[in-house]
Amino acid sequence: MGAIGQPGPGAQKGGHGQPVDLGGGLIGPVYERGTQTFVASDGANGAHRWSRNVGPNLSQPLVGITPDGGPFFGGTLKGYTSVGPVQYGHPQGSDLLLLKFAP
């Protein structure tokens, strides 16, 4: 897996407290809750492919690459969270989130 600032194919996750540009334009928190999680993907040449801000209520984020090169992202939700414009979760209790993105 690649990491922020390192070339090569991969996906990364991290946190940010202010809008950040990972190579595809600004993404940023839309909530006033401190740190937000992001997920991003790089191509084989290390160039930015896409990045998304993940809303609040996500803990223990994970990221990986499937054998076909598609990144997946997951974590534990408590309530609702957003990935881009889509909401996931359950209004009460905890749930697991696992998303596979197209390569």
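**Entry 1: overall make-up**

I counted the elements first: the chain has 8 strands and 0 helices. Read from the N terminus, the order is β-β-β-β-β-β-β-β. I note here that this is a predicted model.

I then looked up confidence. The mean pLDDT of the chain is 74. Of its residues, 81% reach 70 or more. The stretch I flagged is residues 1-8, where pLDDT stays under 50. The model still gives residues 1-8 19 contacts beyond four places in sequence. Where pLDDT is low, predicted coordinates should not be read in detail.

**Entry 2: burial and surface**

I checked how much of the chain is covered. Buried residues are 38% of the 103 in the chain. The exposed surface comes to about 5,800 Å². Carbon and sulfur atoms supply 54% of that area.

I also looked at contact range. Among contacts with a separation of 6 or more, 41% join residues 24 or more positions apart.

**Entry 3: the nonpolar core**

Which residues form the largest nonpolar core? I found 12: Ala-11, Val-39, Trp-50, Val-54, Leu-58, Val-63, Phe-73, Leu-77, Val-83, Leu-97, Leu-99 and Phe-101. Four elements are listed as giving two or more residues to this core: β5 (48-54), β6 (58-65), β7 (71-83) and β8 (86-100). The largest share, 3 residues, comes from β7. In soluble globular proteins, nonpolar side chains tend to be buried together.

I picked Leu-97 from this core and listed its partners. Beyond four places in sequence, Leu-97 is in contact with Leu-58, Phe-73, Gly-74, Gly-75, Leu-77, Val-83 and Tyr-88. Leu-58, Phe-73, Leu-77 and Val-83 are also members of the core.

**Entry 4: Ser-41**

I turned to Ser-41, which sits in strand β4, residues 36-42. Is Ser-41 buried or exposed? Its relative accessible area is 1%, under the 20% cut-off, so Ser-41 counts as buried.

What does Ser-41 touch, leaving aside neighbours within four places in sequence? I listed Gly-10, Ala-11, Gln-12, Ala-47, His-48, Arg-49, Trp-50 and Pro-71.

Last, I took one distance. Ser-41 and Arg-52 are 11 residues apart in sequence. C-alpha to C-alpha, Ser-41 and Arg-52 lie 9.3 Å apart in space.

Terms used: Residues are numbered from 1 along each chain as its sequence is written. This is a predicted model: local features need pLDDT of at least 70, side-chain atom pairs count only at pLDDT 80 or more; totals for chains, interfaces and linings use all residues. Side-chain values use heavy atoms; hydrogens and water are left out. Buried means under 20% relative accessible area, exposed over 50%, partly exposed in between (1.4 Å probe, protein chains only). Contact means heavy atoms within 4.5 Å. A nonpolar core is a set of buried Ala, Val, Leu, Ile, Met, Phe, Trp, Tyr and Cys residues joined through side-chain atoms within 4.5 Å. Accessible areas come from the Shrake-Rupley method with a 1.4 Å probe; for residues, only the protein chains shown count as cover. pLDDT is the predictor's confidence in each residue, from 0 to 100.
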